[in-house]
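Hello,

Please find the structure below. My notes on what was found in it follow.

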Amino acid sequence: MIEILAVLGVPVAGAALLALVGGRERAAEINVGVCLITFAGAVALTVRVIGEGPLLIASKLFFVDSFNVFLIALTAFVGLTTSIFSRPYMRIEQELGHLTPGRLRLYHSMFQLFNFTMLLALSTNNMGLLWVAMEAATLTTVLLISLYRTPASLEAAWKYFILCGVGIAQALFGTILLYFAAEKLLGAGGNALLWTELNSVKGELEPTVLSLAFVFLLVGYGTKVGLVPLHNWLPDAHAEGPTPVSAVLSGLLLNVALYAVVRCKVLVEGSVQTSFARTLMMGFGLLSVVVASLLLLRQKDIKRLFAYSSIEHMGIITFAFGMGGPIASFAGLLHMTVHSLTKSAIFFAVGHATQKAGTQLMDGIRGLVTISPLIGWGLAVGALAILGMPPFGVFASEFLILTTAIHEQPWATPLLLGALGISFAAIFSRVQPMVFGETTVKRLPHRPAMIPVFVHLGIVLMLGLWIPPFLADWYRQAARLIG
Amino acid sequence: MQHIPLWAQLINLLAAVLLLLAFAMLAQRRVLTLINLFAAQGFALASSTAIVAFATHQPHLYWSVGLTLVLKVMLLPWLLHRLILKLDVRWDVEGLINIPTTMLLGIVLVVFAFNLALPISQLANTVTRATLGIAMASVMLAFLMMITRRKAIPQVIGFLAMENGLFFAATSATYGMPMVVELGIALDVLVAMLILGVFFFQIREQFDSLDLQHLEKLKE
């Protein structure tokens, strides 16, 4: 109880505090401190779950099992590293005249609220509250994306609000249908939307209603995952918002939305008894992988490039969960973890690289390694990791997904391999000249925070070589649950 | 022909009014009238929820009635009124396609919604199940309004009207969602509205207009 209170309460308190003092000199340090306490709470929660198994607390309102515990820890961790990265980054932005203290206050406060909504979405047991938290996450990020108030960022934020607003409304309808099916078995009132209760009666839920509900839920939350053809908001939001926001969007929010989809999938699978949900997820996943890899080739802006890469990876994970089975689901969970760590590390490096070059256009960024070897190597290693080079963790999960696909869905394998090949060519050919070659970049007024990048990449490297036993256990248990 | 109690007939009537208002909004060109229509739709929603609450003895629905009345009939229309006064934007709403075509599209959507709702409403054991089709239809009409309008405020009203339709679906299929969820949704809607209010000013500051044509720079 106390742990979950810390995990959820600290970001809210932090948001309130930063709403008052977020524009001051030391606000960035307070932001880091709040994230640190949240992370400590998440660690305590994790330790407790390792010791005692799944937790069901506060009259069943919160539920922490092997599926969401590592996502909660991951979210708190990436939130922390992002706050460390954002300290020098936002300071430089302020000195460049992109931000006023008022905006900085808004940024810090919204950053904490955004963290809170994601942690709430992950830890709640109530499917209705999950929806409320996802919608709240949309609202906070709208403000974060439009932070610079440039025409392009306003456009991106408006597009994001309208598309995700419509999407999330579909998800609400799906939730209503879910409640409608459950209410007959569990009675009216709060209990009928609790995931644990739904899970225990999933075999008796009306299949027609659940299939329809799943379509709405998948389209709704899928909009936030960035699945093609609902992905339109994603590259704009990533490119126009501040880079720390791009890092948490790609690294965390997409994961949380996908988590919501998978929770729903478990219920629908139990009720429908056909491969309906699987087929839908595989279809959306594969389409996302293929379309995103083709669009990768046409990108000129570095943040858009990696935004499309996020769509591609979300597609891979959705496809893996769609295939199902112990190995594919295990690989999907692993891929969620390593993608989140790698992509946020890349965005950290990209953030400082764009500040150095003064542009987000890739043609304008050259020879990072000569001026600042750390940023250059961070970007190069991050790009290699995300492209699935061994021995990084992304290689391990993609390898598992591909080998399962060869056995179970042979028709999809050439498409997947082709798409991975294209994205390799697209990203590698772009990153190589940015890192090496003649330099065009200048020095930064503050020392960039590069530790988060290498910590992330270090963990990804470790996960590629060795997965800690408790983590592997969770993945296995969660994979059994997901089916 | 089975006997239908008076209150069920009243609900059906209000459902019809709701759908009618959704069409009226689709056809309306003036922003001010659009806001009034939205308030009226909220009122129809609140009345039908109140009747359901009274007839089926679901006291928690009264809270939902109160929320709808305060939020969607008074607060949001008032905010929108103030907003257009401040922004001085009482222009006519230009659609992307002309009104008759939009109306025809709307009719197609209604037919589609009724077909989609048919298998579900047969499973429902609430007395109001027949109105589920109407709820879905009004969600879709609001959606249509959102995608055919070019200006920011009508798009937002479309978004709010969609929320109305969803609430109506929740009451007609299940006698309302659990309280904690309803409160959360209401909070989200309110916050969304406040954020958008601020947002309108920013958009206008940048572009000198609320015409979303200016927001078409970002591609691919």
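**Where the chains meet**

In this predicted model, 34 residues of chain B are in contact with 38 residues of chain A. On the side of chain B that touches chain A, helices H4 (99-123), H5 (132-148), H6 (152-174) and H7 (179-207) of chain B each supply at least two residues. H7(B) gives the most, with 12 residues. Sorted by class, this side of chain B has 25 nonpolar, five polar and four charged residues.

**Helix H2 of chain A**

H2(A) covers residues 27-52, which makes 26 residues. At 1.5 Å a residue it should span 38 Å, and its end C-alpha atoms are 37 Å apart, so the two values agree. The buried residues of H2(A) include Ala27(A), Asn31(A), Val34(A), Thr38(A), Leu45(A) and Val49(A). What do the buried residues of H2(A) pack against? Their partners in chain A are helix H1 (2-21), strand E1 (55-57), strand E2 (62-64), helix H3 (66-95) and helix H4 (101-123). Just after H2(A), Gly53(A) has a positive phi of about 80°.

**Two packed helices in chain A**

Two packed helices are described by the angle between their axes and the distance between the axes. For helix H6 (residues 151-186) and helix H9 (residues 233-240) of chain A, the angle is about 145° and the axes are 9 Å apart. The crossing of H6(A) past H9(A) is left-handed. Among the residues making the contact are Ala152(A), Lys159(A) and Leu163(A) of H6(A), and Trp233(A) and Glu240(A) of H9(A). By class, this contact has seven nonpolar, one polar and three charged residues.

Regards

Notes: Residues are numbered from 1 along each chain as its sequence is written. Chains are lettered from A and ligands numbered from 1 in the order in which they are written. This is a predicted model: local features need pLDDT of at least 70, side-chain atom pairs count only at pLDDT 80 or more; totals for chains, interfaces and linings use all residues. Two residues are in contact if their C-beta atoms, placed from the backbone, lie within 7 Å. Helices (H or I, at least four residues) and strands (E, at least two) are DSSP runs, numbered from the N terminus. Ala, Val, Leu, Ile, Met, Phe, Trp, Tyr, Cys and Pro count as nonpolar, Asp, Glu, Lys and Arg as charged, and the others, Gly among them, as polar. Axes are lines fitted to C-alpha atoms, for helices over the stretch in contact, and angles run from 0 to 180 degrees between N-to-C directions. A crossing is left-handed if the near helix is turned anticlockwise from the far one by less than a right angle, and right-handed if clockwise. The expected span of a helix is 1.5 Å times one less than its number of residues. A residue is buried if 20 or more other C-beta atoms lie within 10 Å of its own, exposed if 12 or fewer, and partly exposed in between; C-beta atoms are placed from the backbone.
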